[in-house]
Amino acid sequence: MAGQWGKNPWGVYKFPGKMEVEKYVYTPGLHGLEMAKALKEGRIVGTKCGETVYVPPTTLCPDFGEGKVVEVSGPWYVDAYTVIRESLEGEKLEEPVVIALLVPEDAEGGLIHYVKAEPEEVFIGMMVEPVFRPAEERKGTITDIMYFRPVPEGA
Amino acid sequence: MTRAAIVSAGWYGFKPEVGDLSFREMMFEAALRAYAKVGVDPRKDVDAFISCQEDYWEGIAITDEFAPEPVGGVLRPTLTVTGDLIQCLGQAVMLVRTGYFDLVSIEAHAKPSDILTLKGVMDMALDPIYLRPLSPPNPHFLAGIMASSFLARTGLGREALALVVSKNKNAGLDNPRASHASPVTVGDVISADTVVDPLTRYDIAPFSDAAIVMLVGGEEAARKVTDTPVWIEGIGWATESGTGSLAYHSWDSMPSMKMAVEMAKGMAGLSGRPQSFASFAEVEDRYSFMELLALEEAGVADPIEGFRMLEAGDFDPNGFFPVNPSGGSLAAGVSFEVTGGFRVLEAYERLLALGGDLEPGLERALVVSWRGPPTRTSMSVILGV
């Protein structure tokens with residue numbers, strides 16, 4: 001990309017450029033496609049290898065065997081998490097964001113996703129459940145899950 | 001099989017922004033210094049050149065093609081490695097030990113100040129199907145998850161991390177490469193707001209522009225060009241798995257780091273705790289908690305013991321077993337693929353500076369590094385004089 005010479009705010013000369021890396025498509029693969037279909041239907045699937053289910057689904061089992069796609073029912077729990085309060089550039093976020101590794105009790109692996117809860121309420125081991133977008137808004141991507149939320153007490 | 005040694009090292013930058021030179025000129029400046037110190041002509045005396053780099057950090061696709069010229073490697077055996085300078089060092093050791101290469105030049109450089117959309121670049125390293133679409137607002141979130149998990153497992157609190165920050169930021173005040181050194185106190189860190197829980201801006205190493213070139217030689221070649229070779233007694237590296245399977249990682253530990261250290265110790269024929277064979281260590285600290293985790297994985301001390309030793313001053317620059325006497329990444333910054341090489345450079349120079357003052361049996365330094373998030377690649381080097 002052509003550009004103009006210029007100085008940055010510190011007076012250092014720079015020549016602008018751009019890597020147009022955003023124009024990619026990614027092939028989800030056989031099991032990724034199964035996950036996409038499931039997400040569109042408001043479900044989450046994994047791959048059953050022997051007696052163990054792995055999430056997200058993978059075409060290859062750890063023993064290089066081929067697994068079987070199965071639905072993951074949960075419940076899910078917070079295995080690890082952090083609260084993001086500032087951007088990389090150091091600006092305070094309007095609201096802190098909780099992001100976590102979420103693991104279904106009946107499977108291994110897990111998904112990294114947002115948790116909609118007050119930061120101080122979140123803890124490792126907290127039970128959560130996925131909240132999907134309305135069916136007509138789903139696109140078969142991970143953002144079909146809007147977030148995970150704490151499982152209401154007594155549920 | 002011949003031993004391999006670092007025979008010379010040159011560097012340039014280690015500033016938040018090197019405004020006057022391009023990355024290629026920084027490579028040239030570092031190379032010039034490395035070669036001039038030992039009177040080596042790269043066009044005649046160097047048998048191979050290895051550059052450690054990654055296209056996305058450069059903003060140039062197939063950036064390998066830019067590697068040969070600034071280090072004197074045009075039309076000479078040159079290869080590139082997508083990894084940290086320590087991984088280049090490993091390649092150089094293997095080349096030298098074949099007996100076909102006497103002198104090998106290795107190089108890494110970084111110019112993070114050229115990247116206007118660092119978050120975008122770092123996001124590109126995330127799994128494109130399951131993670132990148134979430135576009136977490138700060139790529140340090142992975143370190144936040146790791147740090148929270150580490151504290152949960154060990155029962156340590158933020159005070160332990162603040163002690164690491166204060167030690168390293170202050171240690172760097174004596175180091176010309178430590179542009180981010182400052183007299184930070186434990187209280188400064190504890191009272192600062194968190195960026196990604198539990199890490200404040202003090203706990204997260206800033207970025208620096210830097211270039212390093214090292215010359216690695218076999219025993220005979222090393223002794224020809226210098227009286228002060230620093231032997232690479234052991235080196236190791238390991239990768240757990242790629243970013244497509246982040247969810248499978250162990251978040252509160254780093255098995256690749258333990259494996260890399262064991263590999264280096266095995267090659268060096270050493271066993272036991274590093275403080276039983278080395279005088280000091282330069283270890284991963286781009287996030288404060290990583291220093292304690294690295295010390296655990298390296299077998300120096302479990303986290304609770306490490307915290308106690310930290311409190312007692314054992315890891316201070318003048319302590320029983322100095323850890324990051326250079327100030328580490330917290331003081332010198334993160335320079336992408338240079339970062340592990342920076343730790344090697346610090347260990348190399350400190351071993352030479354200490355020379356005869358090193359206690360017999362402890363004439364070694366341990367280096368432990370990580371390639372940074374979202375990788376799960378770790379490296380270790382044991383240097384000796």
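A38(A) lies in helix α1 of chain A, which spans residues 29–40; helices (H or I, at least four residues) and strands (E, at least two) are DSSP runs numbered from the N terminus. This is a predicted model, in which local features need pLDDT of at least 70 and side-chain atom pairs count only at pLDDT 80 or more, while totals for chains, interfaces and linings use all residues. Residues are numbered from 1 along each chain as its sequence is written, chains are lettered from A and ligands numbered from 1 in the order in which they are written, and side-chain values use heavy atoms, with hydrogens and water left out.

- A38(A) is buried, at 0% relative accessibility; buried means under 20% relative accessible area, exposed over 50%, and partly exposed in between (1.4 Å probe, protein chains only).
- Leaving aside neighbours within four places in sequence, A38(A) is in contact with R43(A) and V45(A), where contact means heavy atoms within 4.5 Å.
- V230(B) belongs to strand β8 (residues 230–239) of chain B and is buried, with a relative accessible area of 0%.
- Beyond neighbours within four places in sequence, the contacts of V230(B) include A5(B), I6(B), Y348(B) and L351(B).
- V230(B) and L131(B), 99 residues apart in sequence, are separated by 43 Å from C-alpha to C-alpha.

**Interface of chains A and B**

- The contact takes 38 residues from chain A and 42 residues from chain B.
- About 3200 Å² is buried between the two chains, and carbon and sulfur atoms give 67% of it; buried area is the accessible area (1.4 Å probe) that two parts lose on being put together, summed over both.
- On the chain B side, Y130(B), L134(B) and Y248(B) lose the most area to chain A, together 22% of what that side buries.
- Two salt bridges are found across this interface, a salt bridge being a side-chain nitrogen of Lys or Arg within 4 Å of a carboxyl oxygen of Asp or Glu.
- R85(A) forms a salt bridge with D197(B), with the closest N and O atoms 2.8 Å apart.

**Nonpolar cores**

- The largest nonpolar core has 96 residues, and those with the most contacts inside it are I44(A), W76(A), F141(B), L199(B), F289(B) and M290(B); such a core is a set of buried Ala, Val, Leu, Ile, Met, Phe, Trp, Tyr and Cys residues joined through side-chain atoms within 4.5 Å.
- Helix α5 (residues 141–154) of chain B supplies the largest share of this core, eight residues.
- A second, separate core of 51 residues includes A4(B), I86(B), I115(B) and A181(B).
- Not counting residues up to four places away in sequence, F141(B) touches residues of both chains, among them T82(A), I84(A), L126(B) and V196(B).

**Aromatic rings**

- There are 10 aromatic pairs over all chains; rings of Phe, Tyr and Trp (its six-membered ring) pair if their centres lie within 6.5 Å, with planes under 30 degrees apart counted as stacked, over 60 as edge-to-face and the rest as tilted.
- W11(B) and F14(B) form an edge-to-face pair, at 5.8 Å centre to centre and 70 degrees between the planes.
- Within this pair, W11(B) is partly exposed, with a relative accessible area of 22%, whereas F14(B) is buried at 1%.
- F150(B), Y287(B), F289(B) and W370(B) are linked by ring pairs into a cluster.
- R201(B) lies over the face of Y202(B), 4.6 Å from the ring centre; a charge sits over a ring if NZ of Lys or CZ of Arg is within 6 Å of the ring centre and within 35 degrees of the ring normal.
- R350(B) lies over the face of F280(B), at 5.0 Å from the ring centre.
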